[in-house]
Structure formats: C-alpha cells, structure tokens
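Hello,

Here is the structure I promised to pass on. Please open it alongside this email.

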Amino acid sequence: MRRTIELSEQEATLRQLLLDVSTYIGTLDGHSRPQLRFTGGWVRDKLLGVGSKDIDIAIDSMTGYKFGLLMKQYLEQPDMQAKYPKSVKLSKIEANPEKSKHLETTTGHIMGLDIDLVNLRKETYTEDSRNPQMEFGTPEDDALRRDATVNAMFYNLDKSEIEDFTGRGFQDMERGVIKTPLSPYQTFKDDPLRVLRAIRFASRLGYSIDAEDERAMSDSGIWEEFKLKITRERVGIEVTKMLK
C-alpha cells in the first residue's frame, strides 16, 4: 500500500493558496501563522488511489469561519487576481455554531473542489447525549476523536507528509480493518451512531471490522444507549448512505 500522496493540479493549487493565506495571516497583528492539514476521508481515498472532490481542512489556531474571512480578505487584494485563476474563490462562508462556537466553519468551491475549513478539536461527551462539548485541540486530539483509524490520518500541507497520530492508520489500511482509535466500547457508548458508520465504512471499503469492535457492537449496553441517544431520522440518514 502506498504511503505517500501525489496531488492533482487542482489539489496542488489549493495547497499553495492555503499556505499563502496562512503566511499572510502570520503577518497580521495579533495573529500567528496557522498550520493546516487535509484530513479524514480525502487522505484515506488518496492512499487507496480513489479520487475525491471533497476536502476537509483542519486549522490549529482559529476557527474555520475566521480563517475563511481572512482567506476572503487575502483573495480580494488586487494582485491576487493575477496570481490565482478567477475560479479560485470562496463561494460561501458560513458560521455553524449550533453545537459550539468552536465549530464555526467555512465552506467553499475552488477549482472544482468542495472544501470545508474547521479547527482541530477535542470532544467531551456527557452521559445523556451523543452531541459532544467541543474545544480547541491538538492534532492528536482530533485524530483520536474520529470514528476509525483509517479515517484519522492527516496530510500536513507544510511538510507534504502524511501524519498517523493514532499509530494504526497505515497498519489497519494494510490489514483491511475498521478499528476505532480509542476503546470501542467507550467510543460506541459516547456516540452509538458510530456502530452504523463502522458497518457502512466496512461495506464501502470491503474491510472487516476489528474483533474487539465487533464484541463492543454486540454489547446490550451499547444498544440501550443507541435507543436513548439516536433518533430514527439519524438512522435513516446512515442507512441511505449505506445504499448509495
């Protein structure tokens, strides 16, 4: 299995734009230069040799919404029109703080790529809800909160390197296994919808589910949590995704 990623022309242009914006932000009063990473499903699909037009971009020091505003400011400079094609622009900026002010995001469409900018985050769950409390986190925090190790690898834009903070992403891809980064019982208890996600990813990728994860899935306590925390609507959405 490959362990490096070759960017397409579109992806390389996006990477350079984001690095230029990051450098620009570092020149502004009161701002440090943010570190940026492509995350999650895009990294997995590129390693599998599958093209992806959706890219999630994680930022270490500000919300995606704030980065998006500064990116828009950068692109509105007169000399940027000559540097980047007209198609390189944000089509939409959205604040999405319905769960937490730390989850304000920017969405955009750049050279045929759909992007979503969001800060690195750490999640803390309560006993009665699958919706976590969120705060700014480290790259390790962000990787460990994800639903599967194969979905938790990052592509560092500065280094052009893949980062596997769970220590299992590459291994589990080579094994063809869906495995939670943390304890599967606690992971499924916190958000029982992850049981359906694990099944969906295993089916889509042709992977098996890790034996420890399978045992946790069949635990009666997890299904009690499922009935308490997951609505029929959310189950329907997951089932629809499985059928696509």
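This is a predicted model: local features need pLDDT of at least 70, side-chain atom pairs count only at pLDDT 80 or more; totals for chains, interfaces and linings use all residues.

The surface patch

Helix α11, residues 232–243, supplies the largest share, with three residues. Ile 199 sits in helix α8, which runs over residues 193–205. The relative accessibility of Ile 199 is 35%, so Ile 199 counts as partly exposed.

Arg 194

Helix α8 also holds Arg 194. Is Arg 194 buried or exposed? Arg 194 counts as buried, because its relative accessibility is 7% and the cut-off for buried is under 20%. Leaving out residues up to four places away in sequence, Arg 194 touches Glu 123, Tyr 125, Arg 145, Asp 147, Thr 187 and Phe 188.

Leu 47

Leu 47 belongs to helix α2, residues 41–47. At 2% relative accessibility, Leu 47 counts as buried. Which residues does Leu 47 touch, not counting those up to four places away in sequence? Among them are Arg 2, Arg 3, Thr 4 and Ile 5. Met 153, Ile 162, Phe 170 and Met 173 complete the list.

One distance to check on your screen: Leu 47 to Leu 157. The two are 110 residues apart in sequence. In space, they are 16 Å apart, C-alpha to C-alpha.

Best wishes

Notes
Residues are numbered from 1 along each chain as its sequence is written. Side-chain values use heavy atoms; hydrogens and water are left out. Helices (H or I, at least four residues) and strands (E, at least two) are DSSP runs, numbered from the N terminus. Buried means under 20% relative accessible area, exposed over 50%, partly exposed in between (1.4 Å probe, protein chains only). Contact means heavy atoms within 4.5 Å.
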